[in-house]
Amino acid sequence: MSEQARRYSAVAIVLHWAIAFAILLMIPLGWWMGDMAEDGVVSDGIFRAYQLHKSIGLTVLALSLVRLAWRLLNPPPPLPAHMPGWERFIAKAIHWAFYALMIGLPLTGWLYVSAGWSEHDDQPLLVTTHWFGLFVVPHLFGLPAAGADVREAVADTAMSAHSLMAWGALVLAALHAAAALKHHVFDKDEVLADMVPGVKPPFQTEPPAKDPIRLAVLGVGLSITAVALIAALFAWADMADGSQAAPQQQSTIAITEPTPTAPDASAPVANGWRVDAARSSIGFGFTYTDDINGEARFNGRFTRWRADIVFNPDDLANSAANVTIETASATDGVAMHDRALPGPEWFDAAAHPTASFRTRSITHLGGANYRAEGELTIRGRSREVELPFTLTIEGDRANMTGQTSIDRRDFDIGKDTDADDSISRDIEISIRVEATRAS
Ligand code: HEM
């Protein structure tokens, strides 16, 4: 261990400012991403913002560990002799609390993404982290393979801690900056000048001898920090632009009046239902397996579809649903997937812009349980599909949820892309409809 220095080393100063500015940038970026996700915005920009946040955050973790090791090996300059004991105690406590946050904040973020559970949708969402697009960062503790309850609990705890620590970092930063200014302005000592290159201590001292290596490390280190920060700010501005491009809210479900496309054109329109777009969804789920992360689950949905529904529980023979889905609206929130899904390997939206499901019969199984049988057509290929669902009708409101599973090979979806079967063949379809009586 080296002897206690008279001033901070150039490495300590560069790491101090790189970490400080990164954290100050990361906090509003984290809040912004969270707000976007909470509003259901799914876009390339948001996906890239998450990747940027995770990449900078993991860099902060690495730099903080280096900074901690550096500090243990190179003790900082002593606190000014005039400082009373209580102030020394608080100064030291704040410094160590900072180290705890610099390491705890990124670790809890990493833990959260490893759990692969979305706090916003309250469902599994495992996204691979690419460090600045250069390599894949593994998930921690094999969490993706854990049960849903464990993943949800870890995600909840990790994100609460992450959020709390971000506030903690802001409070500590304010106290820390106020204390440094107090030293400079009122105590007129060298505390602030020690850490801010170019600032002279408020009293006359013999200037330290110029050290070219120290100046070079400071110059290069602080310049890289400044360039990286400016680049991150530009990238964020670009992502914010991109996030406007495809907000999910834009794509509302087309709400239709019941139409004569129901099986019996003479069926009384009185049994028509109007879909409540905001509370309804058609989702799909699949798994992706690779050697690094094991099995990852993805959940997506179609953001544009319409359903013509005629339904009367006492007249199932004349009840029917015709659903038409815009295949180009498939999204699972992962930009790479969202770009690929409409392409020729997957939904081939250019040649087959819509997929459809038309019921042929609906059977009451008892209680709230029903089964619809009908024809599902995707990419021009039709297959008979059974859709078990539950339905409750209270007054003029109906609530329906149903799940089924299809083999994507039946529809030629992704047949050439994944000879290794990394993407599951079984695709789960989940449907949730809230509707009100149209007439
Ligand atoms: C210096 C390090 C970091 C800081 C200062 C930071 C800050 C923040 C903040 C302030 C939030 C918003 C929390 C809230 O909504 O209350 C957030 C969210 C988040 N952070 Fe970090 N973070 C850091 C590192 C990381 C790392 C290393 C990862 C992952 C590898 C990560 C992943 C996330 C994720 C996924 C969210 C959730 C956004 C959402 O969906 O609501 N963070 N972060």
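Which residues are the closest to the ligand? In this predicted model, 24 residues surround the ligand. The closest are Y50, H53, H120, H162 and S163.

Three of these side chains can be described atom by atom. In H53, a side-chain N or O atom is 2.8 Å from a nitrogen atom of the ligand. A nitrogen atom of the ligand is also 2.7 Å from an N or O atom in the side chain of H162. For S163, the ligand contributes an oxygen atom, 2.6 Å from an N or O atom in the side chain.

The shell around the ligand draws on several helices. At least two of its residues come from each of α1 (10-38), α2 (44-73), α3 and α4 (148-187). Helix α1 gives the largest share, seven residues.

Helix α3 spans residues 85-115 and contains I90. This residue also belongs to a feature of the surface. Together with W86 and F89, I90 forms a nonpolar patch there. The accessible area of the three residues together is about 390 Å². I90 itself counts as partly exposed because its relative accessibility is 41%, and this class lies between the cut-offs of 20% and 50%.

Charged pairs form another part of the picture. The whole structure holds 13 salt bridges. One of them joins E384 to R360, with the closest N and O atoms 3.0 Å apart. This pair links distant parts of the chain, 24 residues apart. E384 lies in strand β13 (residues 381-394), and R360 lies in strand β11 (residues 354-366). Both partners are exposed: E384 has a relative accessibility of 52%, and R360 has 55%. Each value is over 50%, so each residue falls in the exposed class.

Strand β13 also holds R381, the partner of D412 in a second pair. Their salt bridge brings the closest N and O atoms to 2.9 Å. D412 sits in the loop between β14 (397-407) and β15 (426-437). The two residues are 31 residues apart in the chain. Is D412 buried or exposed? With a relative accessible area of 18%, D412 is buried, because buried means under 20%. R381 is partly exposed, at 32%.

A further salt bridge connects R437 with D396. Here the closest N and O atoms are 3.0 Å apart. R437 is in strand β15, whereas D396 is in the loop between β13 and β14. Again the pair links distant parts of the chain, now 41 residues apart. Both residues are partly exposed: R437 has a relative accessible area of 33%, and D396 has a relative accessibility of 49%.

Salt bridges also join into a network. Its members are D276, R279, R397 and E434.

Which residues are in contact with S281, leaving aside its neighbours within four places in sequence? They are W305, S430, I431 and R432. At 18% relative accessibility, S281 counts as buried, because that value is under 20%.

Key
Residues are numbered from 1 along each chain as its sequence is written. This is a predicted model: local features need pLDDT of at least 70, side-chain atom pairs count only at pLDDT 80 or more; totals for chains, interfaces and linings use all residues. Side-chain values use heavy atoms; hydrogens and water are left out. Patches are made of residues with over 30% relative accessible area and no salt bridge: like charges are joined within 9 Å, nonpolar side chains (Val, Leu, Ile, Met, Phe, Trp, Tyr) within 5 Å. Accessible areas come from the Shrake-Rupley method with a 1.4 Å probe; for residues, only the protein chains shown count as cover. A salt bridge is a side-chain nitrogen of Lys or Arg within 4 Å of a carboxyl oxygen of Asp or Glu. Helices (H or I, at least four residues) and strands (E, at least two) are DSSP runs, numbered from the N terminus. Buried means under 20% relative accessible area, exposed over 50%, partly exposed in between (1.4 Å probe, protein chains only). Contact means heavy atoms within 4.5 Å. A residue is near a molecule or strand if one of its heavy atoms lies within 4 Å of it. A polar contact is a pair of N or O atoms within 3.5 Å; within protein, one must be able to donate a hydrogen and the other to accept it, and residues adjacent in sequence count only if both atoms are side-chain atoms.
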